[in-house]
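Here is my note on the model, written as numbered points. Keep the structure open while you read.

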Amino acid sequence: MGQLGNTFTTFGIAVLVWLLAICQVSPAGAQSREPDDSHVYLLVIDHSGSMSRRTPTGKTRWEEMKAKAINFIEKRPLESEIWLAVFSTNKARPERHRLLNEIDRDVLIKRIRDGYGPPQGATALYDTLDMAFEQAERLCSENHGRKNS
């Protein structure tokens with residue numbers, strides 16, 4: 001994918017994060033320390049061949065994306081729900097992860113760090129964004145009263 005495609009990827013994911021952030025939806029029966037403690041997140045990550053390119057830091061885009069995703073997850077409060085959608089040639093199929101304790105967090109971090117081979121394939125960006133918007137709508141309707149991001 002060329003520079004224009006990379007711009008669309010960044011723009012598309014930024015729009016997705018914005019869209020999810022506007023949907024305010026508390027898990028049924030969950031006890032939170034504060035009303036804002038529990039959220040639902042949809043994390044969409046590009047795993048296509050273009051993620052093998054090196055950045056000015058010397059790391060690949062994939063290495064940097066994994067580090068940012070892990071950093072994001074480490075900062076989420078327990079009782080959060082994270083839907084992970086990793087895509088390349090085929091659109092992503094979201095995986096549900098609930099952070100009920102630190103072990104759950106560690107499992108998700110390990111999944112991101114070690115669960116995928118080297119980036120490869122084309123970029124099914126439009127199909128993945130379509131899936132992500134549909135998933136966001138579903139999460140908003142299923143999790144009324146809980147914050148979605």
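1. Start with Arg54. Its relative accessible area is 59%, so Arg54 counts as exposed. The side chain of Arg54 meets that of Glu63 in a salt bridge, with 3.8 Å from N to O. Glu63 has a relative accessible area of 37%, so Glu63 is partly exposed. Keep in mind that this is a predicted model.

2. Why can such pairs form? Side chains of opposite charge can pair when their charged atoms come close. How many salt bridges does the model hold? The count comes to five.

3. Look next at Glu81 and Arg96. Their side chains form a salt bridge at 3.1 Å, N to O. Glu81 belongs to strand 2 and Arg96 to strand 3, so this pair ties together parts 15 residues apart in sequence. Are the two partners buried or exposed? Glu81 is buried, at 4% relative accessible area. Arg96 is partly exposed, at 45%.

4. Another salt bridge joins Lys110 and Asp114, whose closest N and O atoms are 3.2 Å apart. Both residues sit in helix 3, four residues apart, which is about one turn of the helix. Lys110 is partly exposed, with a relative accessible area of 48%. Asp114 also counts as partly exposed, at 46%.

5. Now the overall layout. The chain has four helices and four strands. Along the sequence they follow the pattern α-β-α-β-β-α-α-β. Of the 149 residues in the chain, 42% are buried.

6. Turn to the inside. Which residues of the largest nonpolar core touch the most other members? This core has 16 residues, and the answer is Leu43, Ile45, Ile73, Ile82, Leu84, Leu108 and Ile112. Four elements are listed as giving two or more residues to this core: strand 1 (39–46), helix 2 (61–74), strand 2 (80–87) and helix 3 (102–114). Helix 2 gives the largest share, four residues.

7. Follow Leu84, one of those core residues. Leaving out residues up to four places away in sequence, Leu84 touches Leu43, Ile45, Arg93, Pro94, Glu95, His97, Leu108, Arg111, Ile112 and Tyr116.

8. Where does His97 lie? It is in strand 3 (residues 95–99). Why does His97 count as buried? Its relative accessibility is 16%, and the cut-off for buried is under 20%. The side chain of His97 makes a polar contact with the side chain of Glu95, at 3.2 Å. Beyond residues up to four places away in sequence, His97 touches Ser80, Glu81, Ile82, Leu84 and Leu108.

9. Check the aromatic rings. A search of the whole structure finds two aromatic pairs. Tyr41 and Phe72 form an edge-to-face pair, with 5.3 Å centre to centre and 90° between the planes. This pair links distant parts of the chain: Tyr41 is in strand 1 and Phe72 in helix 2, 31 residues apart. Tyr41 counts as buried, at 6% relative accessibility. Phe72 counts as partly exposed, at 26%.

10. The ring centres are 6.1 Å apart and the planes stand at 85°, so the pair is edge-to-face. Here again distant parts of the chain are linked: Trp62 is in helix 2, and Tyr116 is in the loop between helix 3 and helix 4 (125–142), 54 residues apart. Trp62 is buried, at 6% relative accessibility. Tyr116 is buried as well, with a relative accessible area of 19%.

11. Finish at Phe72, which pairs with Tyr41. What sits over the ring of Phe72? It is the charged end of Arg76, 4.1 Å from the ring centre.

Technical notes. Residues numbered from 1 in each chain as written. Predicted model: local features only at pLDDT ≥ 70, side-chain atom pairs only at ≥ 80, totals over all residues. Heavy atoms only, no water. Buried < 20%, exposed > 50% of the residue type's maximum accessible area, 1.4 Å probe, protein only. Polar contact = N/O pair within 3.5 Å; in protein donor to acceptor, adjacent residues only side chain to side chain. Contact = heavy atoms within 4.5 Å. Core = buried A, V, L, I, M, F, W, Y, C linked by side-chain atoms within 4.5 Å. Phe/Tyr/Trp six-rings, centres within 6.5 Å; stacked < 30°, edge-to-face > 60°. Lys NZ or Arg CZ within 6 Å of the ring centre and 35° of its normal. Salt bridge = Lys/Arg side-chain N within 4 Å of Asp/Glu carboxyl O.
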